[in-house]
Amino acid sequence: MKVVINCCYGGFSLSDEFIKTYPQFEEYNYCWYNDTDKRTDKDFISALESFGLEEASGSCASLDIIELPNDTTDWEIEEYDGSESIICVVDGKIKHY
């Protein structure tokens, strides 16, 4: 499974250019770290990959797509001052991404 996170301080946001190109994802702008349905939306991820992550990132964001292993049994996004990481359980062990 792929998950979109923000990798810098400031917070998750999308660029104006991305929103103009993909207006259907406007509601995803500034989504919270617990909006897991949005963060794993396959159409959203495909649009980000096509557009380019650097170009799709908002002014205080650095978006990245993390691919979790297939045998992940549980996961969540951790956030500190807008910078996000993923903690998950794989084969009974806790991993950070």
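Below are some questions and answers about this predicted model.

Q: How many salt bridges does the count come to?
A: To count, a side-chain nitrogen of Lys or Arg has to sit within 4 Å of a carboxyl oxygen of Asp or Glu. E49 and K2 pass, with their closest N and O atoms 2.8 Å apart. E84 and R39 pass too, at 2.9 Å from N to O. By this rule the count comes to 2.

Q: Is K2 buried, partly exposed or exposed?
A: The cut-offs are simple: under 20% relative accessible area is buried, over 50% is exposed, and in between is partly exposed. E49 has 42%, which makes it partly exposed. K2 has 31%, so K2 also comes out as partly exposed.

Q: How far apart in sequence are the parts that E84 and R39 tie together?
A: The side chains of E84 and R39 meet in a salt bridge. E84 lies in strand β4 (residues 83-90), while R39 lies in helix α2 (residues 36-39). So the pair ties together parts whose separation in sequence is 45 residues.

Q: What is the relative accessibility of R39?
A: Buried means under 20% relative accessible area. E84 counts as buried at 8%. R39 counts as buried as well, and its value is 0%.

Q: What is the separation between the C-alpha atoms of L14 and E54?
A: L14 is in the loop between β1 and α1, and it is buried, with a relative accessible area of 4%. Leaving aside neighbours within four places in sequence, its contacts include F25, F44, L48 and L63. L14 and E54 are 40 residues apart along the chain, and their C-alpha atoms are separated by 9.9 Å.

Q: Which residue in β5 is the bridge partner of V89?
A: Strand β5 (residues 93-96) pairs with β4 in the antiparallel sense, over 4 bridges. The hairpin they make has 2 residues between the strands, and there D91 takes a positive phi near 55 degrees. In β5, the bridge partner of V89 is I94.

Q: How many disulfides does the structure hold?
A: A disulfide needs two cysteine sulfur atoms within 2.5 Å. The sulfur of C8 has its closest cysteine sulfur in C60, 7.3 Å away, so that is too far for a bond. For C88, the closest cysteine sulfur is in C7, 14 Å away, which is also too far. The number of disulfides is 0.

Q: Is C88 buried or exposed?
A: Let's set it beside another cysteine. C8 is partly exposed, because its relative accessible area is 24%, and buried means under 20%. C88 has 1% relative accessibility, so C88 counts as buried.

Definitions and conventions:
Residues numbered from 1 in each chain as written. Predicted model: local features only at pLDDT ≥ 70, side-chain atom pairs only at ≥ 80, totals over all residues. Heavy atoms only, no water. Buried < 20%, exposed > 50% of the residue type's maximum accessible area, 1.4 Å probe, protein only. Contact = heavy atoms within 4.5 Å. Pairing = 2+ DSSP bridges.
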